[in-house]
Amino acid sequence: MVSVGSADRYLPDTVQQAVKILVVGAFGVGKTTLVGSVSEIEPLRTEEVMTEASVGVDELAGLEGKTTTTVAMDFGRVTLSSRLVMYLFGTPGQRRFWDLWEGLAEGALGVLVLIDTRRLEDSFDVLEQLEIRGLPFAVAINQFPDSELYSEEELRGALDLLPETPIVTCDARQRTSSVDALITLVQHVSGMGAARAAGAAS
Amino acid sequence: MSGSGAGFTNGALRPYVITKGRSRPSRNTIGVETLLVAADPPRALPLSATREEIALVRMCSQLLSLVEAAAHLQLPVSLVKVLASDLVDSGHLTARSGVPRAAQPDKQLLQEVLDGLRRLR
Ligand SMILES: Nc1nc2c(ncn2[C@@H]2O[C@H](COP(=O)(O)OP(=O)(O)O)[C@@H](O)[C@H]2O)c(=O)[nH]1
Ligand SMILES: [Mg+2]
């Protein structure tokens with residue numbers, strides 16, 4: 001049943017551990033683009049069925065007559081060393097989607113929040129959820145051709161970010177830029193661990 | 001139209017049936033990123049095995065993550081979690097875990113991730 005050309009879908013047997021990072025943000029912000037620019041495999045997609053009860057009214061707009069809808073999640077993979085692989089999951093940030101992908105965030109190293117400054121308000125729900133759940137995150141601002149330029153101060157204020165939350169600009173279409181945003185996130189997570197350890201020791 | 005009860009729709013019913021009536025995996029250590037591989041030497045599946053179980057074990061002839069297996073098989077992740085969990089319990093699949101649930105990733109692991117990401121630039 002394994003089709004031709006599927007041999008390279010597998011990981012080397014030396015890989016022992018998998019880590020994951022979530023890439024969240026509103027529709028059209030560049031999640032799929034970022035996952036695709038970093039992934040070593042053609043990004044894959046899985047779908048889950050969402051029932052009427054768990055879908056907000058706005059999500060049903062344009063889906064008249066349907067009681068269920070499928071929500072897609074894109075993901076990609078990067079082999080980081082002979083023993084370690086990383087998965088990147090691009091998923092819409094609203095609460096109902098987090099519930100749908102139950103357990104997705106559990107065990108994640110952290111979350112990269114993609115933000116389009118033309119629609120800042122779309123990210124409020126996501127940021128609130130991350131804070132409630134205590135998940136470490138960094139903010140990446142995707143620059144679109146018609147985006148206004150804001151200073152970091154303005155953006156921090158508008159998004160109500162804590163001073164320690166990293167904020168970077170990113171072009172999700174560029175691998176290096178996307179990788180840099182991920183590096184910023186992992187450095188932040190690493191620093192948080194160090195701060196916790198120092199706190200515990202004192 | 002769905003009634004007010006559990007809210008199961010036709011779309012949600014089928015996975016429920018092929019997991020023999022359970023909708024939760026028996027162990028909570030299985031995540032989307034859990035790496036799966038068929039037992040070596042392979043163990044024959046019982047005659048009662050479902051088509052989906054057979055397909056999953058075949059898909060895992062070599063190492064890959066649960067979510068990749070689900071995507072290639074075009075099955076919902078929630079279903080594959082339940083199947084994989086049973087197949088690990090029965091010794092047909094082995095699992096290599098990610099970061100332990102509810103534990104902080106250690107410094108050494110984060111450094112390994114950073115080194116790996118820097119090599120990608
Ligand atoms: N200028 C610019 N365009 C981008 C960027 N990221 C994504 N796009 C474009 O925005 C559109 C939506 O991106 P997509 O990745 O599908 O968004 P998603 O809904 O979050 O997955 C696509 O046409 C992308 O080419 C970016 O960083 N800069
Ligand atoms: Mg997308």
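Helices here are DSSP runs of H or I with at least four residues, and strands are runs of E with at least two. With that settled, chain A comes to 6 helices and 7 strands. Keep in mind that this is a predicted model.

Let me walk along chain A. From the N terminus, its elements run β-α-β-α-β-β-α-β-α-β-α-β-α. The chain has 202 residues, and 53% of them count as buried. Now take the contacts in chain A with a separation of 6 or more. Residues 24 or more positions apart account for 74% of those. Chain A exposes about 9200 Å², with carbon and sulfur atoms supplying 53% of that area.

Two single residues next. Start with A:Ser37. This serine sits in helix α1 of chain A, residues 31-38. Is A:Ser37 buried or exposed? A:Ser37 counts as buried, because its relative accessibility is 14% and the cut-off for buried is under 20%. Leaving out residues up to four places away in sequence, A:Ser37 touches A:Ala172, A:Arg173, A:Gln174, A:Arg175 and A:Ser178.

Now A:Phe144. Look in the loop between β6 (137-142) and α5 (152-159) of chain A. A:Phe144 has 24% relative accessibility, so it counts as partly exposed. A:Thr117 is 27 residues from A:Phe144 along the chain, and their C-alpha atoms are separated by 8.6 Å.

A:Asp116 and A:Arg118 bring us to the charges. Side chains of opposite charge can pair when their charged atoms come close. Over all chains, the count comes to 13 salt bridges. Which residues does the network in chain A link? A:Asp116, A:Arg118, A:Arg119, A:Asp122 and A:Asp146 are linked by salt bridges.

Go through it pair by pair. A:Asp116 bridges to A:Arg118, with the closest N and O atoms 2.8 Å apart. A:Asp116 also meets A:Arg119, at 3.5 Å, N to O. A:Arg119 in turn pairs with A:Asp122, the closest N and O atoms being 3.2 Å apart.

How covered are these residues? A:Asp116 is buried, at a relative accessible area of 3%. A:Arg118 is partly exposed, at 38%. A:Arg119 is partly exposed, at 27%. A:Asp122 is partly exposed too, at 30% relative accessibility.

On to the interface. The size of an interface is often given as the accessible area lost when the parts come together. Between chain B and chain A, the buried area is about 4400 Å², and carbon and sulfur atoms give 62% of it. Which three residues of chain B supply more than any other three? They are B:Leu117, B:Leu120 and B:Arg121, with 13% of the area that chain B buries against chain A. In residues, the contact takes 43 from chain B and 54 from chain A.

In one salt bridge, the side chains of A:Arg77 and B:Glu68 meet at 2.7 Å, N to O.

Which elements of chain B give two or more residues to the side touching chain A? They are α2 (51-59), β2 (64-65), α3 (66-73), α4 (77-89) and α5 (107-120) of chain B. α5(B) gives the most, with 11 residues. By class, that side of chain B has 18 nonpolar, 13 polar and 12 charged residues.

Conventions: Residues are numbered from 1 along each chain as its sequence is written. Chains are lettered from A and ligands numbered from 1 in the order in which they are written. This is a predicted model: local features need pLDDT of at least 70, side-chain atom pairs count only at pLDDT 80 or more; totals for chains, interfaces and linings use all residues. Side-chain values use heavy atoms; hydrogens and water are left out. Contact means heavy atoms within 4.5 Å. Buried area is the accessible area (1.4 Å probe) that two parts lose on being put together, summed over both. A salt bridge is a side-chain nitrogen of Lys or Arg within 4 Å of a carboxyl oxygen of Asp or Glu. Ala, Val, Leu, Ile, Met, Phe, Trp, Tyr, Cys and Pro count as nonpolar, Asp, Glu, Lys and Arg as charged, and the others, Gly among them, as polar. Buried means under 20% relative accessible area, exposed over 50%, partly exposed in between (1.4 Å probe, protein chains only). Accessible areas come from the Shrake-Rupley method with a 1.4 Å probe; for residues, only the protein chains shown count as cover.
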